[in-house]
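Dear colleague,

I am handing over the structure we talked about, and I would be grateful if you could look through it alongside the notes in this message. Please read them with the model open beside you.

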Amino acid sequence: MKLDRRQFIKVSGLAAGATYAAGAKGDFWGLTRPNTDAPQTEGDRIVPTFCEMCFWKCGVLAHVKDGRVTKIEGNPDHPLSQGRLCPRGAGGTGLLYDPDRLRQPLLRVKKRGEQVFEPVSWSRALDEVAEKLDRVRQKHGPEALALFSHGFGGSFFKTLVKAYGTGNITAPSFAQCRGPRDAAFQLTFGAAVGSPERVDLENARVIALIGSHLGENMHNTQVQELATAIDRRAEIIVVDPRFSTAAGKARHWLPIKPGTDVALLLAWINVILEEERFDHRYVAEHAIGLTQLREHVAGKTPEWAWTQTGVDPDQIRASARLLAGARPAALVHPGRHSTWDGNDTQRGRAIAILNALLGSWGRKGGLFVPTKKKIAPYPGPVPHVAEGAARDMPEGVVYPFADEVLAHGLRDASLPDWKGEPIKAWMVYGTNLLHALPQPARTIEAMQNLDFSVVIDVLPAEVTGWADVILPEATYLERHDDIHTPGWKRGYAALRQPVVPPLHQSRPGWWIARELATRLGLGEYFPWEDARDYLETRLQASGSSLAELERKGVLVDDEAPITFEEGIAPSFPTPSGKIELYSQQLADAGLPPMPEMVAPVKLESEQFHLLFGRAPTHTFGRTTNNRVLGEVMAENVLWINAGRAKELGFSRNEKVTLVNQDGVVSDPIRLRATERIRPDCVYMVHGFGHTNPKLRFARGKGAADSPLITRTRVDPAMGGTGMNVNVVRLQRA
Ligand code: MGD
Ligand code: SF4
């Protein structure tokens with residue numbers, strides 16, 4: 001099925017950066033509403049479930065006609081979609097009917113990486129995986145197995161490997177994405193920001209986005225709320241080296257020099273404190289460390305920040321005043337992908353401190369206190385593994401605020417030169433590690449050094465090419481998963497259920513995990529008959545039933561208070577029980593207790609900072625083979641400042657390759673010369689430049705940024721890999 005023409009026009013307009021016709025809430029961002037003009041796509045059946053085209057998990061209604069999914073719409077009852085979807089969600093059929101899908105289990109028959117596989121039966125493949133995992137367990141102990149798992153479907157594999165005996169469970173969404181920001185908010189407020197983020201955008205009167213390119217990063221609910229806020233005349237401040245889609249809606253665009261955001265944030269704090277514009281009562285009641293903060297930012301004036309950031313001091317002052325003038329409904333968005341330059345926890349701390357000064361934590365139009373629906377656990381044995389046993393840090397190295405296992409750390413523990421206890425086997429679920437981890441050459445070296453690897457995926461990817469066994473999973477439209485109950489403005493429980501039966505020989509993750517458990521003698525941890533039995537047991541124990549959830553897709557609690565104004569008692573589970581403007585925890589760990597600037601990477605002549613981000617139609621590399629979404633955006637381009645392109649003798653849209661500081665050369669990519677980016681930066685959308693020949697649509701389209709990420713700066717607080725520290729020069733392709 002294709003998106004209908006009208007949806008595409010809306011989406012294409014967004015992708016092309018066109019001017020947007022203001023209309024009903026969210027229209028100009030390309031969100032789709034139920035489409036009544038396309039009767040040929042109406043289904044005989046409508047099945048509610050939730051989306052997995054990205055990790056936001058909006059509720060969808062899938063139309064089925066003659067056994068095929070014809071249309072996917074937003075579920076109006078689901079709190080995250082509210083009847084709308086982003087372009088990727090509406091394009092889910094492009095994944096379901098992708099002709100390149102993995103169709104049957106595959107066993108490697110030649111050398112690793114040569115990509116020669118033999119199709120085999122499920123029982124042969126599962127026997128092989130169980131036998132190899134058993135061998136690893138006997139030879140090296142269970143902790144020698146690592147699970148890399150990204151996506152909601154990974155939950156049953158987590159149970160499996162915990163029962164097997166390993167705590168080496170990780171996802172790139174921590175140390176390559178949101179980890180630093182969560183550590184920062186945890187240090188400051190005693191609680192993380194979570195996903196979906198606890199930001200009350202729709203009620204905010206001023207919103208500062210620091211490198212959060214909402215509108216290109218299409219987290220549906222946030223985009224809808226941002227659109228509502230704009231309709232209500234909220235002011236937007238965008239801090240970005242690139243004039244993003246959101247910058248087009250902003251009162252202030254601060255085109256900052258990469259790697260200097262802490263300087264800007266300190267200057268904002270300086271203005272708000274010096275001019276006594278902060279929430280005195282809130283800070284006096286709830287925070288500690290104001291005196292140290294005042295001392296710390298003394299002299300960090302907008303004029304000082306200008307020398308670091310290149311941002312006009314008047315604009316710094318004016319934007320600080322705008323923020324403070326709207327408190328507490330003034331929000332500095334915590335961001336999500338925050339592993340930039342290794343000083344990321346400190347940048348997150350500065351953002352958290354600003355929100356504290358604005359009194360916005362716990363307040364309407366600020367960062368609300370999420371509520372969660374309670375669903376009883378399955379009453380079976382729960383596997384436990386020893387805490388702190390993960391092998392993700394070299395001996396003698398400690399990242400004191402790493403709350404989750406570091407994905408690149410487990411990769412490094414698989415390398416031949418690793419000094420500690422090694423990882424010898426990988427189970428990879430739903431993550432293309434060759435694009436997701438920095439230094440992909442090291443990832444390949446690690447995979448070559450393993451005793452065994454199994455990849456569970458829906459499509460071929462670069463990582464499947466290096467696997468010993470590939471298991472084809474059913475897509476999210478063909479399977480049950482666990483119940484989803486995140487913290488949000490209203491508690492809810494959402495069901496993922498099959499809309500159509502699995503195509504080809506793909507199987508749901510719960511079935512694969514349970515079959516492996518049985519073969520490994522761990523069947524007691526999967527005591528249910530099938531996923532329906534598992535879900536029914538949990539729901540009945542919670543006063544509902546599977547039939548009810550199958551019909552509705554989502555059960556939503558009544559409204560409950562989510563702000564201090566509505567009666568939530570302020571609580572800050574930090575060691576002091578207060579908001580910690582000054583962090584004794586950081587000081588005790590030998591780290592700066594107040595955010596400090598770290599010198600940014602220096603450029604030589606003809607070099608650019610390499611920046612990357614998202615597009616409305618794509619989620620990393622997982623959607624770039626999707627023919628439906630590919631009609632809107634089939635390849636990425638390289639944004640370059642038009643003046644700079646001319647100066648270097650490049651024509652407006654010629655093809656170039658990028659050469660990084662270590663001599664690594666990218667695939668060719670077309671230039672997009674524009675005034676909308678600083679002269680010292682180039683920018684591309686992440687997820688393109690696939691090399692796996694089995695991805696017949698995506699292969700060779702655009703360029704990947706990952707091979708150019710040969711250097712990282714590691715965050716000393718939580719171990720995240722700052723990746724925006726690589727520089728490139730351009731050469732004619
Ligand atoms: P994707 O690239 O989307 O995400 O990196 P990944 O977690 O690797 O690849 C997901 C894989 O999951 C694909 O192979 C896809 O086919 C498969 N898949 C999709 N749906 C399913 C399913 O239902 N079941 C199974 N079994 N498989 C499925 C993301 C990570 O990358 C993150 S979160 C961030 S924020 C970072 N972003 C980033 C960046 O922007 N630039 C660079 N250079 N590196 C980055 N690394 C991080
Ligand atoms: Fe799906 Fe878009 Fe929602 Fe992500 S934001 S879950 S892709 S509809």
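Predicted model: local features only at pLDDT ≥ 70, side-chain atom pairs only at ≥ 80, totals over all residues.

**The ligand site**

I begin with ligand 1, which has 29 residues around it, and of these H150, N432, A436, D457 and E473 come nearest. Taking the shell by residue type, there are 12 nonpolar, 11 polar and six charged residues. Three secondary-structure elements, namely α6 (172-189), α15 (433-436) and β14 (452-457), each supply at least two residues of this shell, and it is α6 that gives the most, with four residues.

For E473, a polar side-chain atom lies 2.7 Å from a nitrogen atom of ligand 1. In the case of R614, a polar side-chain atom is placed 2.9 Å from an oxygen atom of ligand 1, while for R622 the distance from a polar side-chain atom to an oxygen atom of the ligand is 3.1 Å. Taken alone, ligand 1 exposes 920 Å², and the protein buries 97% of that area.

Is strand β23, which spans residues 681-685, mostly covered or mostly open? The strand is mostly covered, with five of its five residues buried. In a regular strand the side chains alternate between the two faces of the sheet. Here C681, Y683 and V685 lie on one side and V682 and M684 on the other, and as these residues are all buried, both faces of β23 are covered.

Strand β20 (residues 637-641), by contrast, runs antiparallel to β23 and is joined to it by two bridges, with I640 standing opposite V682.

**Aromatic pairs**

A search of the whole structure finds 18 aromatic pairs. A pair of aromatic rings is described by the distance of the centres and the angle of the planes. One of the pairs is formed by F243 and W253, which are edge-to-face, at 5.1 Å centre to centre and with 85° between the planes. Since F243 lies in the loop between β9 (235-239) and β10 (252-254) whereas W253 belongs to strand β10, the pair ties together parts that are 10 residues apart in sequence. Elsewhere, ring pairs link F156, Y378, W510, F526, W528 and Y534 into a cluster.

**A buried arginine**

R411 sits in helix α14 (residues 407-412). What is the relative accessibility of R411, and does the residue count as buried or exposed? The value is 1%, and because buried means under 20% relative accessible area, R411 counts as buried. A polar atom of the R411 side chain lies 2.9 Å from the backbone oxygen of P438.

**Backbone features to check**

One joins S195 and P196, with omega at about 0°, and P196 is placed in the loop between α6 and β8 (206-210). Another joins R327 and P328, with omega at about 5°, and P328 lies in the loop between α12 (313-325) and β12 (330-332).

Q82 has a phi of about 50° and is found in the loop between β3 (68-74) and α2 (87-90), where, at 35% relative accessibility, Q82 counts as partly exposed. F620 has a phi of about 45° and lies in the loop between β19 and α21 (627-630); with a relative accessibility of 25%, F620 likewise counts as partly exposed.

With best wishes

Conventions:
Residues numbered from 1 in each chain as written. Chains lettered and ligands numbered in written order. Heavy atoms only, no water. Buried < 20%, exposed > 50% of the residue type's maximum accessible area, 1.4 Å probe, protein only. Pairing = 2+ DSSP bridges. Near = heavy atom within 4 Å. Polar contact = N/O pair within 3.5 Å; in protein donor to acceptor, adjacent residues only side chain to side chain. Areas by Shrake-Rupley, 256 points an atom, 1.4 Å probe, with all protein chains shown as cover. Nonpolar A, V, L, I, M, F, W, Y, C, P; charged D, E, K, R; others polar. Phe/Tyr/Trp six-rings, centres within 6.5 Å; stacked < 30°, edge-to-face > 60°.
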